[in-house]
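Student: I would like to learn how to read a model of this kind, feature by feature. Please give the general idea each time, then the case at hand.

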2 protein chains.
Amino acid sequence: MPRPARTDLVQPDGRRVYLYDHFEPAPAGYDAPTIGEDAYERRWNPLRQEWVLVAAARQSRTFLPARSACPLDPSAAGRSTEIPASAFDAAVFENRFPSMLSSAGGGVCEVVVYTGEHEGSFASLPAASLERLVEVWTDRYRALGRRDDVKYVYIFENRGEQVGVTLHHPHGQIYGYPFIPPVAQIELKGRATACRQCRLIEEEIDDGHRMLLSERGVVAYVPAYARWPYEVHVATRAHRPALVDMTAAERRVLVHAMQRVARAYDRLFQVPMPYMMLIHQRPTDGREYPQAHVHVEFYPILRDSGKLKYLAGSESGAGVFINDTLAESSAAGLRELIEGSA
Amino acid sequence: MPRPARTDLVQPDGRRVYLYDHFEPAPAGYDAPTIGEDAYERRWNPLRQEWVLVAAARQSRTFLPARSACPLDPSAAGRSTEIPASAFDAAVFENRFPSMLSSAGGGVCEVVVYTGEHEGSFASLPAASLERLVEVWTDRYRALGRRDDVKYVYIFENRGEQVGVTLHHPHGQIYGYPFIPPVAQIELKGRATACRQCRLIEEEIDDGHRMLLSERGVVAYVPAYARWPYEVHVATRAHRPALVDMTAAERRVLVHAMQRVARAYDRLFQVPMPYMMLIHQRPTDGREYPQAHVHVEFYPILRDSGKLKYLAGSESGAGVFINDTLAESSAAGLRELIEGSA
């Protein structure tokens, strides 16, 4: 797929909207929603040695609206959504309930709407939408990475009410953090000249017991050291620091592998699996990170049918995860649910 | 309260049980439950640079049993619980569904049963039980800290089904980790000769806006850098590395302050607040930690009436917490719910 066409719009409150590929103009009388004026702060937590984002506006954010009031749908006559278009292929807009603001401490929160269709999910996206999506992510990484106040572009999706998702329309998010977040700091620590991720991938391939798929340069596996019962990592076998360092063909293979994992999750307990899907890439603070290697981590939060994995005292207060399953058993279960696997 | 009397028992499967103060012997025909033979492993997560505990037995653990089948009640004729006594004041036993085993990688998981009474909670414990409890904790810290395979004694309570609690009888847990957990490592990093916790407490007292109580050498406050909407820290103003370094009178003041916080939580939204309550103390690996300062952290997981704070993509995948409330507002709300405050 060629790089998608992008149309940039600005809402009356200054928030930017990006429409990718085809769209139809907003209906007559479109009335854009407006960001509130609220408290945004970044506070340093000296015990944890990390930043906490304070966003006192978010308490009022849209909470499970009725199907007919979805703010991520195309707009229609008499119904103004977040998207100033009456039809669209894919859209990105600056969140009206952000946890960071460039005008208050830096950073940006974008919402990525995968499709104009309300029904469905990442797992059910048709190939054209899926392949557009990975190009949208790549475009956003490139654009946000250029900003001085964005040191790390973090693309992720929270899926399911049990992860706190308040809108069902297929969408994800992008945070442009004004600092390198702690998890990335730990992953990149040591500034090894040899890439740790490359070594881990080869170890998983050699071992083989936790592999889910390995095709055309992309692998997916339950890492030996999984913290979540059905955690899966997806990565390029070749060393690629970020989406922008991959060819469009490589990105296409990657996103299809991601979708196969997401589909296997939905089959695992015969319910839509609530999960977090996140992409770790090279920081964009202008420094060199030869050890950065783009990889996707899926954290599904069910440990069994109808049973959630909770982050309780050990995880939250001590930082020690307890995994009730063996990675090898989880991989065996998921492997047979992966479609088209060899 | 004097140090409580302790009676040590051993179950047929080798698990130890400690009965504190008064108890009545097990009924005739007591049939002790037995630990399963399952997989326990410690795996190193090279991306996060942390240990993950794999405990593949826990999937079968007791899940919300009927009131009449509570395994933490005293035993009765025809009903054998985890406690080999037909009445007891307080009991500690080695968990039948542990996440660590001394025979498999080291470490220990104990369950602390606050009282023989099934109904109630930490917040509703009568003074005598509460004051016994802090002495039980102190005894366990001392006893577990002496073990070679325990480097860090972590006392905590998970409260509420929304934190994953599967038993309602008032109880908490103690993990004796065979390593220093990541959160403690970060808190203690730098080996400052000046105690960071001492400084933070004085800063909160000086500022005053987030203080909930300050009495007889113990303070409670919503830290300026709270990650959870109603997070509260309770600590001794004087530098005390661990419960064993405090006088019994100091411990009594501390545990009463903790209870006042727990009671305020239950009043906040007029529902039993699901929370984690955890005690950070000096490691027990034999090294010096002049900068360790015992403190209690409460993480209540409601951000509003009926609304949970979720740990989603930003928190779980990047390590960046988003707090929807201002610590100052949370403190103002909690302060007026604290009983007997000045």
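Tutor: We go through the interface, a sheet, a strand, a helix pair and the core.

Tutor: First, this is a predicted model, in which local features need pLDDT of at least 70, side-chain atom pairs count only at pLDDT 80 or more, and totals for chains, interfaces and linings use all residues. Residues are numbered from 1 along each chain as its sequence is written, and chains are lettered from A and ligands numbered from 1 in the order in which they are written.

Student: How many residues of chain A are in contact with chain B?

Tutor: The size of an interface is often given as the accessible area lost when the parts come together. Here contacts are counted instead: two residues are in contact if their C-beta atoms, placed from the backbone, lie within 7 Å. By that rule 58 residues of chain A are in contact with 58 residues of chain B. Strand β4 (residues 50–55) of chain A gives the largest share of the chain A side, six residues. Strands and helices are DSSP runs numbered from the N terminus (strands: E, at least two residues; helices: H or I, at least four). The chain A side has 34 nonpolar, 14 polar and 10 charged residues. In this classing Ala, Val, Leu, Ile, Met, Phe, Trp, Tyr, Cys and Pro count as nonpolar, Asp, Glu, Lys and Arg as charged, and the others, Gly among them, as polar.

Student: Which strand of chain B does β4(A) pair with, and in what sense?

Tutor: Two strands pair if DSSP finds at least two bridges between them. β4(A) pairs in the parallel sense with strand β16 (residues 321–323) of chain B, over three bridges. One bridge partner there is B:I322, for A:L53. In chain A, strand β16 (residues 321–323) holds A:N323. Leaving aside neighbours within four places in sequence, A:N323 is in contact with A:A226, A:R227, A:P229, B:V52 and B:V54.

Student: Is A:N323 buried or exposed?

Tutor: A residue is buried if 20 or more other C-beta atoms lie within 10 Å of its own, exposed if 12 or fewer, and partly exposed in between, with C-beta atoms placed from the backbone. A:N323 counts as buried because it has 25 C-beta neighbours inside 10 Å. B:R303, in strand β14 (residues 302–304) of chain B, counts as buried because it has 21 such neighbours. Neighbours within four places aside, the contacts of B:R303 are B:P229, B:L308, B:K309, B:D324 and B:T325.

Student: In what order do the strands of the open sheet in chain B run?

Tutor: The 11 strands follow the order β1-β2-β5-β6-β8-β7-β12-β13-β11-β10-β9, with antiparallel pairing. β1 (6–10) and β9 (211–215) of chain B stand at the edges with a single partner strand each, so one side of each has no neighbour in the sheet. Neighbouring strands are turned by 20° against each other on average, direction ignored. Within the sheet, four bridges join β10 (residues 218–221) and β11 (residues 232–236) of chain B, and B:Y221 has B:H233 as its bridge partner.

Student: Which way do the residues of β7(A) point?

Tutor: In a regular strand the side chains alternate between the two faces of the sheet. A:Y152, A:Y154, A:F156 and A:N158 point one way from β7(A), and A:V153, A:I155, A:E157 and A:R159 the other way. Eight of the eight residues of β7(A) (residues 152–159) are buried, so the strand is largely enclosed by the rest of the structure. β7(A) pairs antiparallel with β8 (residues 171–177) of chain A over five bridges, where A:V153 stands opposite A:G176. Five bridges also join β7(A) to β12 (residues 275–280) of chain A, again antiparallel, with A:I155 opposite A:I279.

Student: At what angle do α1 and α4 of chain A cross?

Tutor: Axes are lines fitted to C-alpha atoms, for helices over the stretch in contact, and angles run from 0 to 180 degrees between N-to-C directions. The axes of α1 (residues 127–145) and α4 (residues 248–268) of chain A come within 9 Å and cross at roughly 115°. The residues that meet include A:L130 and A:V134 in α1(A) and A:L254 and A:V255 in α4(A). By class, this contact has five nonpolar, three polar and three charged residues.

Student: How many residues does the largest nonpolar core have?

Tutor: A nonpolar core is a set of buried Ala, Val, Leu, Ile, Met, Phe, Trp, Tyr and Cys residues joined through C-beta atoms within 7 Å. The largest has 204 residues, and A:V261 is one of those with the most contacts inside it. Not counting residues up to four places away in sequence, A:V261 touches A:L212, A:A220, A:V232, A:V234 and A:F298.
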